[in-house]
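This report is for a reader who is new to the structure. Please look through the sequence and the model before reading on.

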Amino acid sequence: MRHTGTRPVRLGPRSITALVLVSFIGIVGICWPLFADASSAVTTHSADAPWLFAALLPLLIAVVIATISDCGMDAKAIAMLGVLAAVGAALRPLGAGTAGLEPMFFLMVLSGRVLGPGFGFVLGSVTMFASALLTGGVGPWMPTQMLAMGWFTMGAGLLPAPERLRGRGERLMLAAYGFVAAFAYGTVTNLYGWVTIGGGEAGAGSGGIFFVPGAPTHENLVRFLAYVVATSLGWDLGRAALTVVLTLTIGSTLLKALRRATRRANFEAQVTFEGPEEAAPGEAAHRTYVTYEAK
């Protein structure tokens with residue numbers, strides 16, 4: 001067996017297509033109230049959550065199927081997905097309600113780095129879904145949380161030099177990504193709540209921070225920035241700081257464990273059968289070689 005190191009599960013054309021579709025639907029589903037006029041029914045944003053969820057689940061399944069088809073993932077990879085999702089779902093309640101301290105983000109960053117963007121997107125979304133079931137947090141906000149966590153984990157898989165960069169440099173890069181992406185996650189999930197709470201025309205007249213249907217997009221974006229600062233900046237900072245601390249302190253140990261598990265699972269192993277060797281005169285040629293190669 002020839003060992004070439006642990007590589008993330010690579011994206012193929014089917015995986016990329018499925019990821020683009022699910023991301024596009026998610027972005028449209030979250031952001032389109034910003035561009036609707038005041039008389040449009042689409043500004044009642046809470047009513048669209050079941051439809052977004054109905055569109056999201058088949059596309060998530062499509063991402064899984066496409067990744068399996070492109071990369072040859074087998075039952076071991078699916079089992080690893082289930083284990084990591086269960087651990088992430090169990091970690092989330094540990095910090096819930098405490099200044100935004102959520103250790104599951106640390107696990108998602110490192111898992112996405114080791115397993116790649118396609119696997120990472122599915123892991124993030126499935127973990128958030130399992131966490132919602134575990135904590136009773138099922139509601140119209142859940143599709144947005146699933147998408148945001150999927151993007152969060154996928155981003156870690158898109159960071160550069162996954163096969164070469166190791167050690168302290170890699171941990172610093174992951175910590176910096178986790179810090180920035182923790183704020184990005186909070187911003188995306190805040191957008192749903194900001195639109196559904198709403199402040200109506202009263203908010204506009206009083207210089208409020210709530211969404212005003214039909215107002216110019218740039219004015220609503222200013223209100224949204226004020227809303228984020230006023231309501232969630234402290235929570236996002238706690239999440240970002242904890243992700244950085246855990247990545248720099250125990251990130252090396254977890255990265256090694258994840259890479260060891262991935263190597264043993266050997267997700268992308270191929271079996272190559274070689275024909276019998278040519279025999280010298282008077283010798284029998286009965287040996288056939290089986291070679292395992294990692295892509």
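## A partly exposed glutamate and its partner

In this predicted model, Glu219 is partly exposed, with a relative accessible area of 35%. The side chain of Glu219 forms a salt bridge with Arg223, and the closest N and O atoms of the pair are 3.9 Å apart. Arg223 is buried, at a relative accessible area of 12%.

Both residues belong to helix H9, which covers residues 217–231. Because Glu219 and Arg223 are four residues apart in that helix, about one helical turn separates them.

## Other salt bridges

How many salt bridges does the count come to? The count comes to five. Side chains of opposite charge can pair when their charged atoms come close.

One of the salt bridges joins the side chains of Arg113 and Glu170, with 2.8 Å from N to O. Arg113 lies in helix H4 (residues 104–115) and Glu170 in helix H7 (residues 168–197), so this pair ties together parts that are 57 residues apart in sequence. Arg113 counts as buried, at 1% relative accessibility. Glu170 is buried too, with a relative accessible area of 1%.

Another salt bridge is formed by the side chains of Arg239 and Asp236, at 2.7 Å from N to O. These two residues are three residues apart in helix H10 (residues 233–265), so they are separated by about one helical turn. Arg239 is buried, with a relative accessible area of 7%, and Asp236 counts as buried at 2% relative accessibility. Together with Glu102, Asp236 and Arg239 are linked in a network of salt bridges.

Thr243 also lies in helix H10. Is Thr243 buried or exposed? Thr243 is buried, with a relative accessible area of 0%. Apart from its neighbours within four places in sequence, Thr243 is in contact with Phe105, Phe106, Val109 and Gly178.

## How H4 and H5 pack

Two packed helices are described by the angle between their axes and the distance between the axes. For H4 and helix H5 (residues 117–135), the axes come within 8 Å and cross at roughly 155°. An angle over 145 degrees counts as roughly antiparallel, so H4 is roughly antiparallel to H5. The crossing of these two helices is right-handed.

Which residues of H4 and H5 meet? On the H4 side they are Met104, Met108, Ser111, Gly112 and Leu115. On the H5 side they are Phe119, Gly120, Leu123, Gly124, Thr127 and Met128. Among the residues of this contact, six are nonpolar, five are polar and none is charged.

Leu134 is placed in helix H5. Leu134 is exposed, with a relative accessible area of 55%. Setting aside neighbours within four places in sequence, Leu134 is in contact with Ala89, Ala90 and Pro93.

Note on methods
Residues numbered from 1 in each chain as written. Predicted model: local features only at pLDDT ≥ 70, side-chain atom pairs only at ≥ 80, totals over all residues. Heavy atoms only, no water. Salt bridge = Lys/Arg side-chain N within 4 Å of Asp/Glu carboxyl O. Buried < 20%, exposed > 50% of the residue type's maximum accessible area, 1.4 Å probe, protein only. Axes fitted to C-alpha atoms, helices over the stretch in contact; angles between N-to-C directions. Parallel < 35°, antiparallel > 145°, perpendicular 65-115°, else oblique. Left-handed = near helix turned anticlockwise from the far one by under 90°. Contact = heavy atoms within 4.5 Å. Nonpolar A, V, L, I, M, F, W, Y, C, P; charged D, E, K, R; others polar.
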